[in-house]
Amino acid sequence: PSAIQPSPMMQEIEQQIEMMDAVFMKSIGSCGHKCIPPTYKDGELNKGESVCVQRCMNKFFKSLEVVSA
């Protein structure tokens, strides 16, 4: 039996989701590397790390808005 082919709109949506996932994963990796030391003692982020990650993610997505505009 032949498989049902997704519509062009559905293919575009899937591509956008994959792209957003890739951007999100890159931002997490970049901000995590910048804000969280490789050796850590606590299971949770401290206040400074948390603020750093939040600011980094905000800057990452603001720059993405500028580039994609």
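Contact here means heavy atoms within 4.5 Å. The structure is a predicted model, in which local features need pLDDT of at least 70 and side-chain atom pairs count only at pLDDT 80 or more, while totals for chains, interfaces and linings use all residues. Residues are numbered from 1 along each chain as its sequence is written, and side-chain values use heavy atoms, with hydrogens and water left out.

Helix H1 covers residues 8–35; helices are DSSP runs (H or I, at least four residues) numbered from the N terminus.

Val23, Ser27, Cys31 and Cys35 are the buried residues of H1, where buried means under 20% relative accessible area, exposed over 50%, and partly exposed in between (1.4 Å probe, protein chains only). Their cover includes helix H2 (47–68). Serine 27 has a relative accessible area of 0% and is therefore buried. Leaving aside residues up to four places away in sequence, serine 27 touches Gly32, Met57, Phe60 and Phe61. Its side chain also reaches the backbone oxygen of phenylalanine 24 at 2.7 Å.

Isoleucine 28, also placed in helix H1, has 37% relative accessibility and so counts as partly exposed. Together with Phe24, Met25, Phe61 and Leu64, Ile28 makes a nonpolar surface patch of about 420 Å². H1 and H2 are the elements that give two or more residues to this patch, and the largest share, three residues, comes from H1.

Technical notes: The expected span of a helix is 1.5 Å times one less than its number of residues. A polar contact is a pair of N or O atoms within 3.5 Å; within protein, one must be able to donate a hydrogen and the other to accept it, and residues adjacent in sequence count only if both atoms are side-chain atoms. Patches are made of residues with over 30% relative accessible area and no salt bridge: like charges are joined within 9 Å, nonpolar side chains (Val, Leu, Ile, Met, Phe, Trp, Tyr) within 5 Å. Accessible areas come from the Shrake-Rupley method with a 1.4 Å probe; for residues, only the protein chains shown count as cover. A salt bridge is a side-chain nitrogen of Lys or Arg within 4 Å of a carboxyl oxygen of Asp or Glu.
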